[in-house]
Amino acid sequence: MALKIIASMCTACSACEPECPNVAIREKGGTYIIDPAKCTECEGHFDAPQCIAVCPVDGCIKKV
């Protein structure tokens, strides 16, 4: 259970990073990545993944 940011679609806007309650999102090489070991898709914190909710690019963050 984890999410993935599609690097080719990421605009590096950084909207997702501060929204992650598990600190699973970080910048790497001009784009953002999600650490699958830390990502819980916000279960126990929110009803829906917050990174997806705030991302301005539809389809940029997907379940893996």
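Strand S2, residues 25-28, pairs with strand S3 in the antiparallel sense, and the pairing extends over four bridges. Within this arrangement, Glu27 stands opposite Tyr32 of S3. Two residues lie between the strands of the hairpin, and Gly29 adopts a positive phi near 60 degrees there.

Thr31 also belongs to strand S3. Its relative accessible area is 12%, and Thr31 is therefore classed as buried, since the limit for that class is under 20%. When residues up to four places away in sequence are set aside, Thr31 touches Ala7, Cys10, Ala12 and Arg26.

The side chain of Glu41 meets that of Lys63 in a salt bridge, with an N to O distance of 3.5 Å. The structure holds one salt bridge. Glu41 is buried, at a relative accessible area of 13%, whereas Lys63 counts as exposed, at 60% relative accessibility.

The cysteines remain to be considered. How many disulfides does the structure hold? The number is zero. A disulfide is a covalent bond that joins the sulfur atoms of two cysteines. For Cys20, the closest cysteine sulfur is that of Cys42, and the separation of 6.0 Å is too far for a bond. The cut-off applied here is 2.5 Å between the sulfur atoms. Cys39 likewise takes part in no disulfide, and its nearest cysteine sulfur, in Cys51, is 6.3 Å away. With regard to accessibility, Cys20 counts as buried at 16%, and Cys39 counts as buried at 11%.

In summary, the predicted model contains an antiparallel pairing of S2 and S3, a salt bridge between Glu41 and Lys63, and zero disulfides.

How values were computed:
Residues are numbered from 1 along each chain as its sequence is written. This is a predicted model: local features need pLDDT of at least 70, side-chain atom pairs count only at pLDDT 80 or more; totals for chains, interfaces and linings use all residues. Side-chain values use heavy atoms; hydrogens and water are left out. A salt bridge is a side-chain nitrogen of Lys or Arg within 4 Å of a carboxyl oxygen of Asp or Glu. Buried means under 20% relative accessible area, exposed over 50%, partly exposed in between (1.4 Å probe, protein chains only). Contact means heavy atoms within 4.5 Å. Two strands pair if DSSP finds at least two bridges between them.
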